[in-house]
Amino acid sequence: MAETKPVLAELKDGTLHLSLNRPERLNAFNEDMHLALREHLSEADGNSNVRALLLTGSGRAFCAGQDLSDRDMRSGGPAPDLGNTLETLYNPLVRQIRSLGKPVICAVNGVAAGAGANIALACDIVVAARSARFIQAFSKIGLVPDSGGTWLLPRLIGEARAKALAMTAEPLDAETAADWGLIWKSVPDEDLLNVASSLANGLSTGPTKGLALTKQLMQDAANQSLDTHLDAERDAQRLAGRTTDYREGVAAFLDKRPARFTGS
Ligand code: T3D
């Protein structure tokens, strides 16, 4: 029998479609799924045919975070070193998504819990199905939000809402998540993949280098003064201004035609 892949991948017209694929466990992360996802992200980063990524989940959930059946301590034994899991699996994954030089769209098709919620939020643009829920499930099992949760949540929705979500583990519905600015938008369930795919396809024909510089500037902004950041924008604009896509963008504007960006 063919082995089931923990992550499905398909390149369609410049967009790499990735699907977390452990639906019987609501796509909870085990080591195989971590390694497969990271492999796909590395390959995408180095492949000039990939100009946008779309991450979603197979089945009814996006991702339920860590697979807790790999953490069964009911028969005793020493506590696992969860710091090590973060160091070797979750943190590299979040760093990889944030540093990837191409837009990463997340289509949250159902529940996103624990690290699953925060990995979704680490993506550049998050679209969620109206029935999706975001759950900072960690406090239910005595843990702290990880995968960047305690960094991202207060920045996106403010400390008051971030603390309440984390401490109560109350599910947040997709429409409220959009109203609060936690995600880009919530759409009817049946429209999710169309909306997310056309968003990704649009970006896959965009000025890839300029988009990558934009992503980096936005992410770096939280950690520096306006003065320092103005210098960073100057440097990024200098690089963007040297791309073929800038040349093409201006030419297309002057010729009154759509731009044909090549990502170079
Ligand atoms: O450990 C480390 O390395 C540190 C890193 C931690 C990162 C984390 O993510 S910690 C947080 C881990 N995740 C959770 O605590 C969430 C656990 N899951 C849930 O609370 C619920 O399943 C959901 C709210 C996500 C969905 O609820 P519901 O009612 O829609 O579905 P369900 O019936 O609970 O789940 C369906 C099946 O998926 C079920 O299996 P079964 O009974 O049909 O055989 C359930 O056990 C399984 N499942 C769901 N989440 C997980 C899981 N199995 C393993 N691990 C899971 N996280």
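I count Ala, Val, Leu, Ile, Met, Phe, Trp, Tyr, Cys and Pro as nonpolar, Asp, Glu, Lys and Arg as charged, and the others, Gly among them, as polar. The model is predicted, and local features need pLDDT of at least 70, side-chain atom pairs count only at pLDDT 80 or more, and totals for chains, interfaces and linings use all residues. Residues are numbered from 1 along each chain as its sequence is written, and side-chain values use heavy atoms, without hydrogens and water.

**Entry 1: second largest pocket**

I looked up the pocket lining (a pocket is an open set of points on a 1 Å grid over the protein atoms alone, where a 1.4 Å probe fits, with protein on both sides within 12 Å along at least five of seven lines; lining residues have an atom within 4 Å of a point). By class, I found 14 nonpolar, four polar and three charged residues lining the second largest pocket. Of its 21 lining residues, Q66, L68, L82, I141 and L143 lie nearest the centre. Helix α2 (residues 82-99) gives the largest share, four residues; helices are DSSP runs of H or I with at least four residues, strands runs of E with at least two, numbered from the N terminus. I noted a volume of about 490 Å³, that is, the space filled by probe spheres set on the points, which are joined across faces, edges and corners.

**Entry 2: largest pocket**

I noted about 600 Å³ of space here. R98, C123, D124, I125 and M218 lie nearest the centre, among 25 lining residues. The lining comprises 17 nonpolar, three polar and five charged residues. I found that α8 supplies six residues, the largest share. At least two residues each come from α3 (115-122), β7 (125-129), α4 (149-157) and α8 (208-221).
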